[in-house]
Amino acid sequence: MKHSKIFTISAALLCSSMLVPGCGVTEEKAATEKSVSETVIETIMSRRSVRKYKPQPVGRDTMQTILNCGINAPNGMNRQSWEVRVVDNPEFIAGATEAFLKENPKMGEDPSFVNMFRNAPTVAFIANDPSYGMSAIDCGLLGENMILSAWSMGIGSCCLGGPAGFFKTPAGAEYLERLGFSEGYELLYCIAFGYPDETPAAKPRNAEKVKFID
């Protein structure tokens, strides 16, 4: 699958509303702006949820870029009511998976099963502050920024709710504690990250659910 090069949000916004005489924007720069816009749209429209990954983890410098994109998502009153923990430690992932399989042994019968995070080598755990009513929405926006920036660099992802649910059970409590979220924060979901080992087709979207109101 061909992925777009990483886009820079600041570049996409620069002079986007200033293409007027005297602003110093040349036709060449205007063409570049259009190219950036097309790249952003292509990234959004080509993104797929990936459930098969190559074994190599995502480099931490690359993950830091993804995280920076995440925390620059819009959020209510700039509360930034999220916390993120990134795990690329094979021991942690293997241990959590072992605990998971004790409770869900049938999952291990799948010959392709490697770990409980769709076999991804890198996982981001996102927690929210439930004392703020919009925090779950803010965390969703953060995750979308992370997913799109990752895709633009050729890195696949998949949002996962099941592992987060397991971590909240007694069997997974040890691993939830190791994530070290601040008091009052609750694990909401996690995102698997890795280099895709599949090229999933797009699933249909129901455009009839979107309407303009006159």
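At 45% relative accessibility, Asn-206 counts as partly exposed, and in this predicted model the residue is found in the segment after strand E4. A polar atom of the Asn-206 side chain lies 3.0 Å from the backbone nitrogen of Glu-208, a pair that falls within the limit of 3.5 Å set for a polar contact. Lys-203 is found in that segment after strand E4 as well, the strand itself covering 186-194, and Lys-203 counts as exposed because its relative accessibility is 60%, where exposed stands for a value over 50%.

Lys-203 also takes part in a positive surface patch, which is formed by Arg-51, Arg-118, Lys-203 and Arg-205. Arg-118, another member of this patch, is found in the loop between helix H4 and strand E2, the latter spanning 122-128. With a relative accessibility of 41%, Arg-118 counts as partly exposed.

The protein has 7 helices and 4 strands, and, read from the N terminus on, its elements run α-α-α-β-α-β-α-β-α-α-β. Of the 214 residues in the protein, 37% are buried, a term that here stands for a relative accessible area under 20%.

Helix H4, which comprises residues 90-103, contains Thr-97. Thr-97 is buried, since its relative accessible area is 4%. The side chain of Thr-97 reaches the backbone nitrogen of Met-116 at a distance of 3.2 Å, so that this pair, too, lies within the 3.5 Å limit for a polar contact.

Charged side chains are paired in several places, and the count comes to 3 salt bridges. In one of them, Asp-88 is joined to Arg-60, with the closest N and O atoms 2.8 Å apart. Asp-88 lies in the loop between strand E1 (82-87) and H4, whereas Arg-60 lies in helix H3 (residues 60-71), so the pair ties together parts that are 28 residues apart in sequence.

Because Arg-178 lies in helix H7 (residues 173-179) and Glu-91 in helix H4, the pair ties together parts that are 87 residues apart in sequence. Arg-178 is partly exposed, with a relative accessible area of 39%, and Glu-91 is also partly exposed, with a relative accessible area of 45%.

Arg-85 and Glu-83 form another of the salt bridges, in which the closest N and O atoms are 3.0 Å apart. Arg-85 is partly exposed, its relative accessible area being 24%, whereas Glu-83 counts as buried at 15% relative accessibility; these assignments follow because the cut-off for a buried residue is a value under 20%.

The surface also carries a nonpolar patch, which is made by Ile-41, Ile-44 and Met-45 and amounts to about 320 Å². Ile-44, one of its members, lies in helix H2, which comprises residues 27-46. At 43% relative accessibility, Ile-44 counts as partly exposed, a value that meets the requirement for patch residues of over 30% relative accessible area.

Conventions
Residues are numbered from 1 along each chain as its sequence is written. This is a predicted model: local features need pLDDT of at least 70, side-chain atom pairs count only at pLDDT 80 or more; totals for chains, interfaces and linings use all residues. Side-chain values use heavy atoms; hydrogens and water are left out. Patches are made of residues with over 30% relative accessible area and no salt bridge: like charges are joined within 9 Å, nonpolar side chains (Val, Leu, Ile, Met, Phe, Trp, Tyr) within 5 Å. Accessible areas come from the Shrake-Rupley method with a 1.4 Å probe; for residues, only the protein chains shown count as cover. A salt bridge is a side-chain nitrogen of Lys or Arg within 4 Å of a carboxyl oxygen of Asp or Glu. Lys and Arg count as positive and Asp and Glu as negative; His and the chain ends are not counted. The place of a charge is taken as NZ of Lys, CZ of Arg, CG of Asp or CD of Glu. Helices (H or I, at least four residues) and strands (E, at least two) are DSSP runs, numbered from the N terminus. Buried means under 20% relative accessible area, exposed over 50%, partly exposed in between (1.4 Å probe, protein chains only). A polar contact is a pair of N or O atoms within 3.5 Å; within protein, one must be able to donate a hydrogen and the other to accept it, and residues adjacent in sequence count only if both atoms are side-chain atoms.
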